[in-house]
Amino acid sequence: MKSAFRSRAHPGFWAFIVHRVSGLLLALFLPLHFWLLSQALHGPAALDGILRWVDRPAFKLAEWGLVVLLAAHLAGGVRVLMLEFLPWRNWQKALLAVAAGCTIAAGAAFALNLV
Amino acid sequence: MDSSTAPPATSTAESAQAAAARHGGPAEPPAGTPPPRAFSAARFESQLWLAQRVSALVLALCVVVHLATIMLAVRGGLSADEILTRLRASPAWLAFYLVFVASVAVHAPLGLRAIVAEWLGWRGRFLNAGIFLAGTVLLALGLRALAGLFGGPG
Amino acid sequence: MTTLQVSVWRGDEAGALQTFEVPRWPSQTVLDVVTAIQRDMDPTLAYRFACRVGMCGSCAMTVNGVARWTCRTHVAKVARDNRLELKPLANLPVIRDLVTDMREFFAKWTRAQGRLTPTRTRADDFARIAPDAPARAAANAGIECIGCGVCYASCDVVGWRPDYLGPAALNRAWTLVNDARDGAQQERLRAVAGDAGCQSCHTHVSCTERCPKQISPTAGIAGLKRAVAKAAWKGTL
């Protein structure tokens, strides 16, 4: 008998889901990222061609998404490392709040630098 | 016959011990040297776990630098000239990105391994081989990108 | 008089919910509700309980989707619109109605070396352990487990990896890792390492969130991860 969805409705579980999904999407994006950068093998003009091609609103939104995913995975990962390696204390939810705050701040900073 | 209960009389370990005893040397390996043991899944998984955590710690530092670089670089738009000039100005950037690529080539495949095992139910030797392959490909792609950025025509 | 609409799981894994109307009374616990059904409506309802006061760990069930000890869960706290849904604990085979087969749960305690391996005989003096020693404090933090299975039923990793030892067994192992009298430390670390052991925990913290005794199995599992990593690093695992 599967456990009900409601039993998972607590912040630690959502933090896990964010961490896992962000990690998965970043891992899938990495080969593309590396391939795009390797266009520099064909000279700066080839890299510039790619950079110009992705310079449109849809891609800017996707880039913003990637930055948020990276920030979320970083903040969530630091949270896990702190829970695993530092002496235990009852600060799971405080760590989560800080991680969420850092992620939002990174997303806002990137958005402001884009415009 | 079970070799652990009745080892062959000519085993190398035994003759080495006998030789050591004849020369008055220590018959036992020095204290603190763990004896070689067969493959242990517990040890293998623990080493992978440690690799995942150590690479995570390295990546945490790298990603902070990466995010800060992104924020600064996107001001006024990206250009190949700007990127290549910055990177090729200092060998420190090359060292940084080599560490970054190597860590991510450890970290990402190990993360995928857990996801595949838990959400798709695939486990065992074939999964491990596939994950090792994924790590190798990721490392190769990353190094190729670095080759272009640092050694490509300029 | 108000009544409760109580949907109760009947049958084995392939069972279904059956609804009862149960009188509501002050300070009523979920276990009171189940007992009322069995005494007054359907004597064939199967469920477990013993102490009724939160000591024995036998009455845990899934109450409105969340694993809880029912003897100390007030209806007022969990009922929604006077409705209760009672199911057996998740991650365990269902025997009948609200009764699960706990054998695998306790077999995992054994597999995790969850027993003391003494190093002294009756001829020896008592072990003297300072109550405020850090290791003793770490053991004390997990020692009050009543084995109710709430953490085990709440753990997603148990659902994803059926051989995963789970929070309760690992919490028990951690109390013994911190027990100065125990003589099976290396064997225990080997038993709790690996992908059925502590490294599979992803720190969802569901066990810590749900434990009725306010134990943090996550804390003990993190301690095991550190101890196992140290042993793997030194080559003693």
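**A guided reading of the model**

Guide: The domain assignment of chain C, where bounds come from an automatic or database assignment, gives domain 1 (3-100) and domain 2 (103-234). This is a predicted model, in which local features need pLDDT of at least 70, side-chain atom pairs count only at pLDDT 80 or more, and totals for chains, interfaces and linings use all residues. Residues are numbered from 1 along each chain as its sequence is written, while chains are lettered from A and ligands numbered from 1 in the order in which they are written.

Visitor: Which strand gives the largest share of the side of domain 1 of chain C that touches domain 2 of chain C?

Guide: The centres of the two domains of chain C, taken over C-alpha atoms, are separated by 29 Å. Contact (C-beta atoms, placed from the backbone, within 7 Å) joins 15 residues of domain 1 of chain C to 14 residues of domain 2 of chain C. On the domain 1 side, strand 3 (60-63) and strand 4 (66-69) of chain C each supply at least two residues; strands (E, at least two residues) and helices (H or I, at least four) are DSSP runs numbered from the N terminus. The largest share, four residues, comes from strand 4 of chain C.

Visitor: Why do the buried residues of helix 4 of chain C line one face of the helix?

Guide: In helix 4 (residues 134-142) of chain C, the buried residues are C:Ala138, C:Ala139 and C:Gly142. Seen down the helix axis, the directions from the axis to their C-beta atoms fall within an arc of 95°, so these residues line one face. C:Ala137 and C:Asn140 are exposed on the other side of the helix. The cover over the buried face includes helix 7 (167-177) and helix 10 (217-234) of chain C.

Visitor: Which helix of chain B do the buried residues of helix 4 of chain A pack against?

Guide: Helix 4 (residues 92-114) of chain A has 23 residues and reaches 33 Å from its first C-alpha to its last, close to the 33 Å expected at 1.5 Å a residue, that is, 1.5 Å times one less than the number of residues. Its buried residues include A:Leu95, A:Ala99 and A:Phe110. They pack against helix 1 and helix 3 of chain A together with helix 2 (41-73) of chain B.

Visitor: Which helix gives the largest share of the side of chain A that touches chain C?

Guide: In this interface, 17 residues of chain A are in contact with 25 residues of chain C. Helix 1 (11-37) and helix 3 (57-85) of chain A are the elements that give two or more residues to the chain A side. The largest share, four residues, comes from helix 3 of chain A.

Notes. Buried ≥ 20, exposed ≤ 12 C-beta atoms within 10 Å, placed from the backbone. Contact = placed C-beta atoms within 7 Å.
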